[in-house]
Amino acid sequence: VYNIGGGTELTNRELTHRLVAAVGADESMIEKVADRLGHDRRYSVDWSKIADELGYAPRVPFERGLAETVEWYTANRD
């Protein structure tokens, strides 16, 4: 079993702000809700095993990947 990650650690809040900026929206769109029990504040995986055993390394930096994902969804709204 391999974890595949990109090496970018962000809190949920940081990711939300980056996504809102990437789509050109105003941060007033963010609706804060009460934390639920067991809420994850961030997600991170240790992908050193796949890097060591298979030579994996991310090919796309996070910011570029986010921008390309937003472009794709904008062009493919269906």
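**Close-up views of a predicted model**

**View 1. Helix α3 (residues 62-75) in the predicted model.** At 1.5 Å a residue, the 14 residues of α3 should span 20 Å, and the end C-alpha atoms lie 20 Å apart, which agrees; the expected span is 1.5 Å times one less than the number of residues. Helices are DSSP runs (H or I, at least four residues) numbered from the N terminus. Gly65, Leu66 and Val70 of α3 are buried (under 20% relative accessible area, 1.4 Å probe, protein chains only). They cover an arc of only 135° around the axis, which places them on the same side of α3; the arc is taken from the directions from the helix axis to the C-beta atoms. Glu71 and Ala75, both exposed, are carried on the face turned away from the buried side (exposed: over 50%).

**View 2. Model confidence.** The mean pLDDT (the predictor's confidence in each residue, from 0 to 100) is 90, and 97% of residues reach 70 or more. Helix α2 (residues 48-54) has the highest confidence, at a mean of 96, and helix α1 (residues 12-22) the lowest, at 91.

**View 3. The second largest pocket.** Gly6, Thr8, Glu9, Tyr43 and Phe62 lie nearest the centre of this pocket, which is lined by 20 residues. A pocket is an open set of points on a 1 Å grid over the protein atoms alone, where a 1.4 Å probe fits, with protein on both sides within 12 Å along at least five of seven lines; lining residues have an atom within 4 Å of a point.

**Notes.** Residues are numbered from 1 along each chain as its sequence is written. In this predicted model, local features need pLDDT of at least 70.

Note on methods. Predicted model: local features only at pLDDT ≥ 70, side-chain atom pairs only at ≥ 80, totals over all residues. Heavy atoms only, no water. Helix = DSSP H or I, 4+ residues; strand = E, 2+ residues; numbered from the N terminus.
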